[in-house]
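How do the helices of this protein pack against one another, and what lines its pockets? The report below takes up these two topics in turn.

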Amino acid sequence: MMMNWLRNSWTAAGLLIMLRLYVGWKFLSSGWGKLSGEKSFDASGFIKGGIAKAEGEKPVVQQWFGDFLQGFALPQVEIFNFIVPWGELLVGIGLIAGTLTTFAALMGIIMNFNYLFAGAISSNPNLILLQFFILAAGMNAGRFGGDYWVIPLARKSFRTLFRNGKTSLQSPT
C-alpha cells in the first residue's frame, strides 16, 4: 500500500520534490565547491585517510575496501579527481531538475556508500535514506520535473530503435 502511494500519488510526487531539491542541492553545492575552489580538487588525501583507517587494531574501514583504495583508487587518483566532483554536480542537477531522477539517485547512493566504506560518516547515511525514497518512487519522483518529458521520449526512441526485436542498425537480411 505504501509503495503504491509512493509510486503513484500526486501528493507523494509533490513531497518528493522537496526530497529531490534537498538532496540535489547537497550534491550540487558539494560538486560545485570542488570544481570552483581556489585549488584543484585532489582526492588523494581522502583516499590515503581511508587506507589508514583500514589498518590498526580496530579498523574503521574494512580490509577489502582498504585494498581497493590502495591498489586501484590511489594509483588512478586522477580519474577520481575528475569523476567525484563532476559526478556530484551531475547528480545534483539531475535531482533538482527531476531529469533521469532514479538514475541520479542511484548514482548518488553509490557515491554515498563509497564515502561510508572509506570511513567518512558526515551526512552520507541521511542522504542514502532520502535517496532510497526517491529510488523507490521510480517515475513518480520525477513526475514534476524533466522526467515528465524525457522518459516518454526515451521510451519512444528505444521502441523505434528496437522494434520487432531487431535494431534499426542491423542489416535487413
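The model is predicted. Taken along the principal axes, the C-alpha atoms of the protein chain fill a box of roughly 55 × 50 × 35 Å.

**Helix packing**

Two packed helices are described by the angle between their axes and the distance between the axes.

| Helix pair | Angle between axes | Distance between axes |
|---|---|---|
| Helix 2 and helix 5 | about 150 degrees | 7 Å |
| Helix 3 and helix 4 | about 140 degrees | 8 Å |
| Helix 2 and helix 7 | about 130 degrees | 10 Å |

With an angle of about 150 degrees, helix 2 and helix 5 count as roughly antiparallel, because the cut-off for that class is over 145 degrees. Helix 2 passes helix 5 in a left-handed crossing. On the side of helix 2 the contact includes Arg20, Trp25, Phe27, Ser30, Trp32 and Lys34, while helix 5 contributes, among others, Val84, Pro85, Trp86, Glu88 and Leu89. By class, the residues of this contact between helix 2 and helix 5 divide into 16 nonpolar, 4 polar and 3 charged.

Helix 2 (residues 10–36) also packs with helix 7 (residues 124–137), and at about 130 degrees the two are therefore oblique to each other. The crossing of helix 2 with helix 7 is left-handed. Here Leu16, Leu19, Arg20, Tyr22, Val23, Lys26 and Phe27 of helix 2 meet Leu127, Leu130, Gln131, Phe133, Ile134 and Ala137 of helix 7, a contact that has 10 nonpolar, 1 polar and 2 charged residues.

Helix 3 and helix 4 pack at an angle of about 140 degrees, and that makes helix 3 oblique to helix 4. Their crossing is left-handed. Ile47, Gly50 and Ile51 in helix 3 meet Gly66, Leu69, Gln70 and Ala73 in helix 4, and by class this contact holds 4 nonpolar, 3 polar and no charged residues.

The volume of the largest pocket is about 520 Å³. Its lining consists of 25 residues, of which Ile83, Val84, Met111, Asn114 and Tyr115 are the closest to the centre. Helix 3 (44–52), helix 4 (63–73), helix 5 (77–97) and helix 6 (101–117) are the elements that give two or more residues to this lining. Divided by class, the lining of the largest pocket has 21 nonpolar, 4 polar and no charged residues.

What is the make-up of the lining of the second largest pocket, by class? That lining has 5 nonpolar, 6 polar and 3 charged residues, and the space in the second largest pocket comes to about 210 Å³. Of its 14 lining residues, Ser30, Glu88, Asn112, Tyr115 and Asn124 are the closest to the centre. Helix 2, helix 6 and helix 7 each give two or more residues to the lining, with the largest share, 5 residues, coming from helix 2.

Note on methods: Residues numbered from 1 in each chain as written. Predicted model: local features only at pLDDT ≥ 70, side-chain atom pairs only at ≥ 80, totals over all residues. Heavy atoms only, no water. Axes fitted to C-alpha atoms, helices over the stretch in contact; angles between N-to-C directions. Helix = DSSP H or I, 4+ residues; strand = E, 2+ residues; numbered from the N terminus. Parallel < 35°, antiparallel > 145°, perpendicular 65-115°, else oblique. Left-handed = near helix turned anticlockwise from the far one by under 90°. Contact = heavy atoms within 4.5 Å. Nonpolar A, V, L, I, M, F, W, Y, C, P; charged D, E, K, R; others polar. 1 Å grid on protein atoms, 1.4 Å probe; cavity = no way out; pocket = protein on both sides within 12 Å on 5 of 7 lines; lining within 4 Å. Points joined across faces, edges and corners; volume = space filled by probe spheres on them.
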